[in-house]
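I opened the notebook for another model and wanted a quick tour of its fold and surface.

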Amino acid sequence: LYVHQHPTMGVYVPHLTEAAAESAAECARLVDFGQKIRATAQTNMNSTSSRSHSVLTLRVAQVFPNGNIRNSSVNLCDLAGSERVKKTGAIGQRKREGSSINQSLSVLGQVISKLALGTGSKKA
């Protein structure tokens, strides 16, 4: 998947599904659906090792009696786990997946480190 930055919409990923829910039960059903289609595979370390990252964006609109609307959103991320190749016994496609997962987690760590420095900080 490719993550893009749109000037007005913000961050988005093309071809993902967005669904409206009007109750907690509907939200739970959608989360369950997403969990069921998530890529997993067996390794020596884990019988259902996640082979993909998952992001749930929850957007809530609160409508007040005077007509004003307050919009809020929260992003929940469940990242595929880092695993040592020697311990997993992975070969072929599973080994390549593990390598990609480890690389993406490493990049994420670098991004978090840069963000922690603050937007006003510059490298000397």
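Which strand gives the largest share of the nonpolar patch? I found that it is strand 5, with 3 residues.

**Ground rules.** I am working with a predicted model, where local features need pLDDT of at least 70, side-chain atom pairs count only at pLDDT 80 or more, and totals for chains, interfaces and linings use all residues. I number residues from 1 along each chain as its sequence is written, and side-chain values use heavy atoms, with hydrogens and water left out.

**Patch.** I listed its members as Val31, Leu56, Leu58, Val60, Val74 and Leu76, which make about 460 Å² of nonpolar surface. Patch residues have over 30% relative accessible area and no salt bridge; like charges are joined within 9 Å and nonpolar side chains (Val, Leu, Ile, Met, Phe, Trp, Tyr) within 5 Å. A salt bridge here is a side-chain nitrogen of Lys or Arg within 4 Å of a carboxyl oxygen of Asp or Glu. I also noted that strand 5 and strand 6 each supply at least two residues of the patch.

**Leucine 58.** Leucine 58 counts as partly exposed because its relative accessibility is 38%; buried means under 20%, exposed over 50%, and partly exposed in between (1.4 Å probe, protein chains only).

I checked how strand 5 (residues 54–63) meets strand 6 (residues 69–78): they run antiparallel and are joined by 10 bridges. Strands pair if DSSP finds at least two bridges between them. Valine 60 stands opposite serine 72 in strand 6. The two strands form a hairpin with 5 residues between them, and glycine 67 in the turn has a positive phi of about 95 degrees.

**Fold.** I counted 3 helices and 6 strands, in the order β-β-α-β-β-β-β-α-α along the sequence. These are DSSP runs numbered from the N terminus: helices are H or I with at least four residues, strands E with at least two.

**Arginine 38.** I found this residue in the loop between helix 1 (24–36) and strand 3 (40–41). Arginine 38 counts as buried because its relative accessibility is 11%.

**Whole chain.** I read that buried residues make up 12% of the 124 residues. The accessible surface comes to about 10500 Å², with 55% belonging to carbon and sulfur atoms; areas come from the Shrake-Rupley method with a 1.4 Å probe, and for residues only the protein chains shown count as cover.
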